[in-house]
Amino acid sequence: MNGNNPYAGAPGVTGAGQPTHGAELTGEQMDSLRRVVAGIVSRTESYLPEGFAVGSELSTGPNGPLATVAVHPPVGHPVSAGFSPDADELDAGLTDEDRDEVARGLAASAAFQVMSAVGDDITPAAR
């Protein structure tokens with residue numbers, strides 16, 4: 001029942017049934033966000049061998065746009081990274097360093113998931 005309380009929720013988060021003011025992006029900003037996310041997907045794929053599925057999703061949450069990039073390794077649990085940029089961040093643009101950092105982090109996390117799932121029980125095929 002607390003979810004129906006108009007006073008419930010964290011400060012700064014738009015309440016249920018309340019309009020989201022200032023959270024809308026222009027078409028140009030959404031295109032910029034799509035390009036940024038597509039770049040992160042392609043960079044992540046470049047760090048991983050075949051067999052890893054990399055994808056993205058753009059959605060709109062209660063506080064504005066939400067971008068998610070996820071990697072599903074051949075074995076192990078999927079990993080993802082998400083961010084909610086505001087209009088100022090999109091206008092300034094994400095740096096190449098930021099994009100590379102996200103891509104490398106996702107690739108490393110996905111590789112770790114494979115290593116965790118496989119463990120030490122595999123006999124190496126080559127030396």
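Colleague: How many salt bridges does the structure hold?

Modeller: Three salt bridges. The term means a side-chain nitrogen of Lys or Arg within 4 Å of a carboxyl oxygen of Asp or Glu. This is a predicted model, where local features need pLDDT of at least 70, side-chain atom pairs count only at pLDDT 80 or more, and totals for chains, interfaces and linings use all residues. Residues are numbered from 1 along each chain as its sequence is written, and side-chain values use heavy atoms, with hydrogens and water left out.

Colleague: What makes Asp 31 and Arg 34 a salt bridge?

Modeller: Their closest N and O atoms are 3.0 Å apart. The cut-off is within 4 Å, so the pair qualifies.

Colleague: Why are Asp 31 and Arg 34 separated by about one helical turn?

Modeller: Because they are three residues apart in helix H1. Helices are DSSP runs (H or I, at least four residues), strands likewise (E, at least two), and both are numbered from the N terminus.

Colleague: Why is Asp 31 called partly exposed?

Modeller: Its relative accessibility is 37%. Buried means under 20% relative accessible area, exposed means over 50%, and partly exposed lies in between (1.4 Å probe, protein chains only). Asp 31 therefore counts as partly exposed. Arg 34, with 44%, is partly exposed too.

Colleague: What makes Arg 43 and Asp 96 a salt bridge?

Modeller: The closest N and O atoms of Arg 43 and Asp 96 are 3.2 Å apart. The pair links distant parts of the chain: Arg 43 sits in helix H1 and Asp 96 in helix H3, 53 residues apart.

Colleague: How do you know that Asp 100 meets Arg 43 as well?

Modeller: Their side chains form a salt bridge, with 2.9 Å from N to O. Asp 100 lies in helix H3 and Arg 43 in helix H1, so this pair ties together parts 57 residues apart in sequence.

Colleague: Why does Thr 44 count as buried?

Modeller: Its relative accessibility is 0%, so Thr 44 counts as buried. Thr 44 lies in helix H1. Leaving out residues up to four places away in sequence, Thr 44 touches Val 54, Val 71, Ala 103, Leu 106 and Ala 107. Contact means heavy atoms within 4.5 Å.

Colleague: What is the order of the strands in the sheet?

Modeller: The order is S1-S2-S3, in an open sheet with antiparallel pairing. Strands S1 (53–61) and S3 (79–83) are the edges, as each pairs on one side only.

Colleague: How do you know that S2 and S3 pair?

Modeller: Five bridges join strand S2 (residues 64–72) to S3. Pairing needs at least two bridges found by DSSP, so the strands pair. Among the partners, Thr 68 is bridged to Gly 82 in S3.

Colleague: Which helix touches S1, S2 and S3?

Modeller: Helix H1 (residues 27–47) packs on the sheet, at about 155 degrees to the direction of S1. Angles run from 0 to 180 degrees between N-to-C directions, with axes fitted to C-alpha atoms, for helices over the stretch in contact.
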